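Trainee: I would like a close look at one part of this model. Please take me through it residue by residue, then show me what surrounds it.

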Amino acid sequence: MEESMYGALENVIDPELGIDIVNLGLVYGVNLDDEGTAGVEMTLTSMGCPMGPQIIGQVEHVLMELPEIKDVKVAIVWNPPWDKDKMSRYAKIALGVS
């Protein structure tokens, strides 16, 4: 189920960077409990990210499309802080980051 959840989250694009939140390294973990509640622990690129509410809404939307999921709880965490080293090779190439 974890793979399906990460696959769905790859459809959530950070509107400022144009790359999905999984490849950006913003998703720290996912889980699904016995009642069908999906938990997502993630961060944003900065504390003042103006797109935060939009990104969280998209996370909830794409996960609710999975039949096993009845509810979604998103926890935004700031520790460990996000940095460019958390990005996948794909994201680094797409953004021209080394």
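Is G25 buried or exposed, and what is its relative accessible area?

Mentor: G25 is buried, with a relative accessible area of 9%. Buried means under 20% relative accessible area, exposed means over 50%, and partly exposed lies in between, using a 1.4 Å probe and protein chains only.

First, the ground rules. This is a predicted model, in which local features need pLDDT of at least 70 and side-chain atom pairs count only at pLDDT 80 or more, while totals for chains, interfaces and linings use all residues. Residues are numbered from 1 along each chain as its sequence is written, and side-chain values use heavy atoms, with hydrogens and water left out.

Now locate G25. It sits in the loop between α1 and β1. Helices (H or I, at least four residues) and strands (E, at least two) are DSSP runs, numbered from the N terminus. Skip the neighbours within four places in sequence, and G25 is in contact with W82, K86 and M87. Contact means heavy atoms within 4.5 Å. M42 is 17 residues away along the chain, and its C-alpha atom is 8.7 Å from that of G25. S88 is 63 residues away along the chain, with a C-alpha separation of 6.8 Å.

N23 belongs to this loop too, between α1 and β1. Its relative accessibility is 16%, so N23 counts as buried. Not counting residues up to four places away in sequence, N23 touches E10, K86, M87, S88, Y90 and A91. One goes to the side chain of D20, at 2.8 Å. Another joins it to the side chain of S88, at 2.6 Å. A polar contact is a pair of N or O atoms within 3.5 Å; within protein, one must be able to donate a hydrogen and the other to accept it, and residues adjacent in sequence count only if both atoms are side-chain atoms.

S88 is partly exposed, at 22% relative accessible area. D83 lies in that loop between β3 and α3. D83 is partly exposed, at 35%. A polar atom of the D83 side chain lies 2.9 Å from the backbone nitrogen of D85.

The peptide bond from N79 to P80 is cis, with omega near 5 degrees. Most peptide bonds are trans.

Next, the elements around the loops. In α1, M5, A8 and L9 are buried. They cover an arc of only 100 degrees around the axis, which puts them on the same side of α1; the arc is that of the directions from the helix axis to the C-beta atoms. β1, β2 and α2 are among what covers these buried residues.

The largest nonpolar core has 24 residues, and those with the most contacts inside it are L9, I21, V59 and L63. Such a core is a set of buried Ala, Val, Leu, Ile, Met, Phe, Trp, Tyr and Cys residues joined through side-chain atoms within 4.5 Å. Elements giving two or more residues to this core are α1 (2–9), β1 (27–32), β2 (37–42) and α2 (52–64). α2 gives the most, with four residues.

In α2, G52, I55, V59, V62 and L63 are buried. They too cover an arc of only 100 degrees, which puts them on the same side of α2. They pack against α1, β2 and β3. Take L63: beyond four places in sequence, its contacts are M5, A8, L9, A38, V40, I69 and V72.

Finally, charge. A search of the whole structure finds one salt bridge. D71 forms it with K73, the closest N and O atoms being 3.2 Å apart. The criterion is a side-chain nitrogen of Lys or Arg within 4 Å of a carboxyl oxygen of Asp or Glu. D71 is partly exposed, at 30% relative accessible area.
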